[in-house]
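Please open the model in your viewer and keep the selection panel at hand. The tour moves from the whole chain to single side chains, and at each stop it says what to select and what is there.

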Amino acid sequence: MKKTYSKISGFEKNMILGTGFSDVNLTQVLEYIREIVKKDHKNRYFVTPNPELVMLAKGDTRYKRVLNDADLALTDGVGVLLAGKALKTPVGERITGVDLIENVCKDNVDQPITVGFLGGGSGVAEITAECLLKKYPGLKIGLVHEGNPDTSTLGVINEKTKNEKLDILFVAFGSPKQELWIAENLQSLPAKITIGVGGAFDFISGKVKRAPKWMQDFGLEWFFRLLNQPWRIKRQFSLIIFIFLVLKELIAKKK
């Protein structure tokens with residue numbers, strides 16, 4: 001089993017088709033975030049890869065490097081979990097972008113930690129922040145900006161946060177744009193931790209309906225999204241290739 005370690009966190013990363021996944025659970029992630037903020041560390045980023053991103057990384061060396069250089073790579077996608085079990089490669093527990101945001105906000109509502117929301121469609125970041133503030137009164141929010149993955153957005157962020165600290169920045173530009181943008185601008189971002197969360201703002205804001213809990217528990221959230229967004233069918237082809245490559249690797253290991 002191929003493995004490596006985060007140069008910063010020290011958490012073990014195990015490889016699935018060339019992309020590393022941190023062998024951590026949600027409790028460990030929340031504790032680690034508090035540790036980073038408390039010690040005033042800066043310029044770290046987390047990613048949340050799923051099978052589609054693994055396949056993107058296989059065809060793009062730069063993108064693969066960005067994913068693998070992340071401090072933490074959290075498993076987002078039941079396909080990665082199943083691949084990990086089949087290949088006997090620990091990839092931690094599944095932590096979606098939505099669940100990560102919710103739990104970070106809930107865990108730090110009484111802590112001196114300030115969060116920011118960047119990206120999403122028109123007005124989505126603002127609605128997301130409002131929803132979370134209503135759910136977790138006392139949550140400290142230091143930035144809300146829809147923005148785009150370009151250099152002008154960086155200037156706006158720094159201008160808006162120049163008089164206040166920002167501990168955690170959630171970025172929802174969608175993949176692979178958000179990861180590439182974060183890696184390129186990391187040293188200039190005012191946050192201690194920057195996390196790519198894909199379409200999480202859409203779910204939290206209510207713009208897109210999330211699958212019922214039972215479907216989430218059975219790993220069928222992707223199917224629910226497909227039913228509600230049929231245009232995503234093209235993106236499912238990468239999942240088929242992912243499964244094929246995992247099976248190919250499994251067969252090779254058994255020879």
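The stops below go from the overall fold through the sheet, the hairpin and the helix pairs to the salt bridges.

**Before you start**

This is a predicted model, in which local features need pLDDT of at least 70 and side-chain atom pairs count only at pLDDT 80 or more, while totals for chains, interfaces and linings use all residues. Residues are numbered from 1 along each chain as its sequence is written, and side-chain values use heavy atoms, with hydrogens and water left out.

**Stop 1: the whole chain**

Show the protein chain as a cartoon, and you will have 12 helices and nine strands in view; helices (H or I, at least four residues) and strands (E, at least two) are DSSP runs, numbered from the N terminus. Of the 255 residues, 51% count as buried, where buried means under 20% relative accessible area, exposed means over 50%, and partly exposed lies in between (1.4 Å probe, protein chains only). Among contacts with a separation of 6 or more, 71% come from residues 24 or more positions apart, a contact being heavy atoms within 4.5 Å.

**Stop 2: the six-stranded sheet**

Select the strands in the order β5-β4-β9-β8-β6-β7, which form an open sheet with parallel pairing; two strands pair if DSSP finds at least two bridges between them. The edges are β5 and β7 (140–145), each of which pairs on one side only. Within the sheet, strand β6 (residues 114–119) runs parallel to β8 and is joined to β8 by five bridges, and F117 has F170 in β8 as its bridge partner.

Helix α6 (residues 124–135) lies across β6 and β7, at about 165 degrees to β7. For these angles, axes are lines fitted to C-alpha atoms, for helices over the stretch in contact, and angles run from 0 to 180 degrees between N-to-C directions.

**Stop 3: the hairpin of β2 and β3**

Select strand β2 (residues 12–16) together with β3: the two run antiparallel and are joined by four bridges, and N14 stands opposite F21 in β3. Two residues lie between the strands of this hairpin, where L17 takes a positive phi near 50 degrees. Along strand β3 (residues 19–22), T19 and F21 point one way and G20 and S22 the other way, yet all are buried.

**Stop 4: two helix pairs that share α3**

Two packed helices are described by the angle between their axes and the distance between the axes. Select α3 with helix α8 (residues 177–185), which pack at an angle of about 70 degrees with their axes 10 Å apart. They are therefore roughly perpendicular to each other, given that angles under 35 degrees count as roughly parallel, over 145 as roughly antiparallel, 65 to 115 as roughly perpendicular and the rest as oblique. R62, Y63, V66 and L67 of α3 meet E179, L180, A183 and E184 of α8.

**Stop 5: the salt bridges**

How many salt bridges does a search of the whole structure find? There are eight, a salt bridge being a side-chain nitrogen of Lys or Arg within 4 Å of a carboxyl oxygen of Asp or Glu.

Show the side chains of D71 and R44, which form a salt bridge with the closest N and O atoms 4.0 Å apart. The pair links distant parts of the chain, 27 residues apart, with D71 in the loop between α3 (61–69) and β5 (72–73) and R44 in strand β4 (residues 44–47). D71 counts as buried at 2% relative accessibility, and R44 likewise counts as buried at 11%.

Finally, select K165, D167 and K192, which are linked in a network of salt bridges. K165 and D167 meet at 3.8 Å, N to O; K165 is partly exposed, with a relative accessible area of 44%, whereas D167 counts as buried at 0%. D167 also forms a salt bridge with K192, with the closest N and O atoms 3.2 Å apart. That pair joins strand β8 (residues 166–172) to strand β9 (residues 191–196), with D167 and K192 25 residues apart, and both are buried.
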